[in-house]
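Subject: Structure for you to look over

Hello,

Here is the structure I said I would pass on.

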Amino acid sequence: MPSSLFRILTSIPLLLVLVLKVLDNTGGALGFTSYANDFVDPGFIVKGVFGNNTLAAQGTILQWAKDSAVGGPWSVIQKNVTAPSGDVHDYMSWAPYWWPDCSKAGNTTELTPEQIWKTCTYVSRDGKFNPDGRLINDVGNFQSLSDMVLYNSIASALTGSGSSSYSTLAVEYIKTWFLDDETKMNPNLNYAQMQRGPTGQTGSHTGILDLKGMAKIVTGIEIFRKMNCTDWTGDLDSRMNDWTNEYIQWLESAAISLEEEAAPNNHGTFWYNQVAALKILVGDIPGALNVTNAYFAKQYMSQITANGEQPLEAVRTRPYHYHAYNLAAMITNARLSAYAGDPSVWNKTTNEGSTIRTALDFAMTLNAANSNETSYTAELYPSVAAVGAIYGDPEGRYADFLAEREPTYAEEAWFLWNQPLRGGEEESKAIQASGTASARGSQVTSLAGNKGNGARERGGVGSWVLIMLVGVGLQASFAL
């Protein structure tokens, strides 16, 4: 596709995120949920032995696969502002919490936006989003890509076919972002989360966080590999490995990346998510274990107190969000370690004798309303499900927590890969009664037909679904 045409097709502004509760009988899901981060075991997905209680979650994934593709394909050449390097292939973003102070700019006439970005001093306001921060949206576009690849790869596995419209589209989107000469991203984050102003025309260490969703991308590619997806060819695999090896080299040597690696809070936790996942992608399993082992020997040891508090997240301006945010990153590191061969980290204790479960148990006692964060309440739920599935839930405490706060939690995508966990039986019975489910193999019941992107909407169970029209506001939930 000519780059000029690509720019035209992909530069249509996206809508702000609208999060609404809508009954299925109004037309079903029109959007999807973007989780902070996750790594889904590709072997579990490809094996396909899912309980009948997960039928509603499967239906959600099929619908979200289709919805998450809207607006793509995405590329770093889509933005209207070029990085200071002058190379359109360089990733670029602006630090979300930095605001201009033009009181000392010395101007006698009104400054243009471009002049403000370069001449005014920028100051940090923790947790306060600068509304112009998404005028360039590489960060949002990459998050959209990571969600699209995650949902479409799982949806493709649900079809039981070596190729489907889900996999075909996801592979095309991966090629556009990483591999095609006209649209690919250079393998570095030299201009990620620029603080702007006279001294902020290069990236900052916080910008490494922008590509935390690499864990989702790796999930998708690993699924394609394990299912012998014919759309993911040997040539593409080789080229993706080449790109990734270059990017890993940058991550392990660039000063801003090493600064992020050393960050004691969620920034450091997410750095390990990204690098461990990328090591898995290139087949360096010992390297991936070295990365996760380093996290659990360093940052993790002081991130959780004896009672489960996360003190470095508690002091932030949105403590409920940050507790859930770092939990998602901790769980992702544990999943990556387990996939690489070491599940023992689930029981690794911190300096004060706590585990990931201890941190989750404490976070469950927090009231989002106390810090005016009710819009973030559901951010904790995937971690509740993960802990319930990994550590066990014999008394039903985690399932009860979810049922009380999110009665239809079994319809969430994460319910499929956080098993065993109680719930979903009534939703599955309703789906089976309506005749929408079809068997795939003697042990598997799936909502997906062979080949084709005919995702069913979650109708017939009288529940509500989350609408997300992806755009500028999406990043506010998961930044920094």
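This is a predicted model: local features need pLDDT of at least 70, side-chain atom pairs count only at pLDDT 80 or more; totals for chains, interfaces and linings use all residues.

Overall picture. The protein chain has 19 helices and 8 strands. Of its 480 residues, 58% count as buried. Among contacts between residues at least 6 apart in sequence, 78% join residues at least 24 apart.

Cores. The largest nonpolar core holds 112 residues, and the members that touch the most others are F178, I356 and L380. Helix α5 (residues 138–159) gives the most to this core, with 11 residues. Apart from it lies another core, of 10 residues, including M92, W94, L111 and C120.

F178 and its helix. Leaving out residues up to four places away in sequence, F178 touches F142, L145, K184, M214, I217, M240 and W243. F178 is also one of the α6 residues that meet α8: V171, I174, K175, F178 and L179 on the α6 side, against L236, R239, M240 and W243 on the α8 side. By type, the residues of this contact are 7 nonpolar, no polar and 2 charged. The two helices, α6 (residues 165–179) and α8 (residues 234–251), pack at an angle of about 40 degrees, and their axes are 11 Å apart. Their crossing is left-handed.

Backbone points to check. Most residues other than glycine have a negative phi, and most peptide bonds are trans. Some places in the chain depart from this.

- The peptide bond from G72 to P73 is cis, with omega near 0 degrees; P73 sits in the loop between α3 (55–68) and β2 (92–94).
- Q419 and P420 are also joined by a cis peptide bond, with omega about 5 degrees; P420 is in the loop between α18 (414–417) and α19 (425–434).
- Q193, which is not a glycine, has a positive phi of about 50 degrees. Q193 belongs to strand β5 (residues 191–194).
- N372, likewise not a glycine, has a positive phi near 55 degrees. N372 lies in the loop between α15 (356–363) and α16 (381–391).

Are Q193 and N372 buried or exposed? Q193 counts as buried because its relative accessibility is 3%, under the 20% cut-off. N372 is exposed because its relative accessible area is 74%, over the 50% cut-off.

Regards

Technical notes
Residues are numbered from 1 along each chain as its sequence is written. Side-chain values use heavy atoms; hydrogens and water are left out. Axes are lines fitted to C-alpha atoms, for helices over the stretch in contact, and angles run from 0 to 180 degrees between N-to-C directions. Helices (H or I, at least four residues) and strands (E, at least two) are DSSP runs, numbered from the N terminus. A crossing is left-handed if the near helix is turned anticlockwise from the far one by less than a right angle, and right-handed if clockwise. Contact means heavy atoms within 4.5 Å. Ala, Val, Leu, Ile, Met, Phe, Trp, Tyr, Cys and Pro count as nonpolar, Asp, Glu, Lys and Arg as charged, and the others, Gly among them, as polar. A nonpolar core is a set of buried Ala, Val, Leu, Ile, Met, Phe, Trp, Tyr and Cys residues joined through side-chain atoms within 4.5 Å. Buried means under 20% relative accessible area, exposed over 50%, partly exposed in between (1.4 Å probe, protein chains only).
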